[in-house]
Amino acid sequence: MSLLKTPAIVLKSRKWGEADRIVTFYTLRFGKLRGVARGARRLRNRFGSALEPFVHGELNLFEKRGDSLYRITGADIRDSFAGLRDDLPRMSSAARMANLVGAVTGEGDAHPSIFETLLNGLHVLQSGHDPALTALLFQIKLLGETGFRPQTDHCAACGDGHGRMAGQFSPLAGGLVCLPCARRDRDRCLPMSAGSQAFLQQALRWAPAAVTRLKATGQIRDELEAAVESYVMVVTGKHLPPADFLSRPATL
Amino acid sequence: MGIDNQGLLAQLIRELVRLPGIGHKTAQRLAFYLLKTEKDEALRLADAIRAVKDGLTFCSQCRNIAEGELCEFCRDPKRDRTKILVVEEPSTLYAVERTGGYRGLYHVLLGALSPLDGVGPADIRAQDLEDRLKQGGIDEVILATNPTIEGEATAIYLTRLLRPYGVRISRIAYGIPVGVDIEYADEVTLIKSLEGRRDL
Ligand SMILES: [Zn+2]
Ligand SMILES: [Zn+2]
């Protein structure tokens, strides 16, 4: 057994056994990991609210040989992100980011840039930025940090960088496609106007601090949301709850 | 071939694993225990499960556990019918009941909203609670969902859903547990305790 320490963000937490919790984190040093927190649901426990989703903290844990589940021995809060708990649009957008990170990363595969991007996204959300737009931007950024970076420089299907691009996004190919490829796969491509393409490229390229200056309204927002939604579904193989999950008019 | 691949015992283990909080190892241990134990004793468990499933349902008004159409609280004429206390699970209801400090009615959601797991209003049948307010006669709804992100989401959602009915909506105060030093309270707990402070 060895004692480890790392900055971490809680992705999700579920009840386990009588009084325990199994918590999934994205950590700076070890990437995604799951740990069991003994007694975390008892009234007097050493974890307090440090294991609640979105909390950024310093994690102490034991690694047990031959067990993928860590033993959490302590957690100190650095930022509780309490502001993400009292507003449904912010909460659902934060959940969407956390779910995406959980779905596209493997356990024990460290990518400090994913950690930093997620942390940045939570800060931007908490600062009062449009929640759904923040979720959209940071999903693009998070995908950009993984092997699923949306392809915008050349055709995502055939790799051709010189042919005419079709103004179509292929969720299956993972990016913009050229005219012949778009024709071949017409049913499954989504339209993407020049404005949306520019937004996508800038969202991928710009630093997180600058990226919040990007604005998307009307058609551009609709196109990007549709493209990211379909692409995330292809990449994760599941339907993640949307960023406006509990705040859509239909559910109220 | 592992023991857990074999016919009848494997079937029992598979059923046990589906219970909340039971992992594969525990399920195996329980299954072996049931295998070794006296037949009468083991079958008492089966009988108890059958009796519960045959005899108990959820109250048609509040979705608490009930032996008939309505639960014991909804049937009790001495309860204050102007108040509804909303809980996630029946176990919370009985914890409140043990205090003897509440005499109103209840509403059991049998779950909580979760933006992380995609549990939406239809899954907790939020509509049922709204329907009770539509029928009138309710003055106050007390939200006693857990102080977790799910309980929080549920409380915010229900507040917005029920506000148009003009009843008093309150959330149980939560914060520092009795008997501990305030300095040991964590950040979120302390914030919530301050928000929930009251005049003296
Ligand atoms: Zn092509
Ligand atoms: Zn009832």
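Predicted model: local features only at pLDDT ≥ 70, side-chain atom pairs only at ≥ 80, totals over all residues.
Colleague: How many bridges join S4(A) to strand S5 of chain A, and in which sense do the two run?

Modeller: Pairing is read from the bridges between two strands, here at least two. S4(A) and S5(A), the latter spanning residues 69-79, run antiparallel and are joined by 7 bridges. Within this pairing, Glu58(A) has Asp76(A) as its bridge partner in S5(A). The hairpin of these strands has 5 residues between them, and Gly66(A) takes a positive phi near 75° there.

Colleague: With which strand does strand S4 of chain A pair over 8 bridges?

Modeller: That partner is strand S1 of chain A, residues 2-16, and the pairing with S4(A), residues 56-63, is antiparallel. Thr6(A), for instance, has Leu59(A) of S4(A) as its bridge partner.

Colleague: What is the strand order in the open sheet of 3 strands?

Modeller: The order in chain A is S7-S6-S8, with antiparallel pairing. The edge strands, S7 (175-178) and S8 (190-191), each pair on one side only. Strand S6 of chain A, residues 165-170, meets S7(A) over 4 bridges in the antiparallel sense; the bridge partner of Met165(A) in S7(A) is Cys178(A).

Colleague: How many residues does the contact take from chain B and from chain A?

Modeller: The size of an interface is often expressed as the accessible area lost when the parts come together. By residue count, this contact takes 22 residues from chain B and 27 from chain A. On the side of chain B that touches chain A, helix H7 (149-162) and helix H8 (187-195) of chain B each supply at least two residues. H7(B) gives the most, with 7 residues. By class, that side of chain B has 13 nonpolar, 5 polar and 4 charged residues.

Notes
Residues numbered from 1 in each chain as written. Chains lettered and ligands numbered in written order. Contact = placed C-beta atoms within 7 Å. Nonpolar A, V, L, I, M, F, W, Y, C, P; charged D, E, K, R; others polar.
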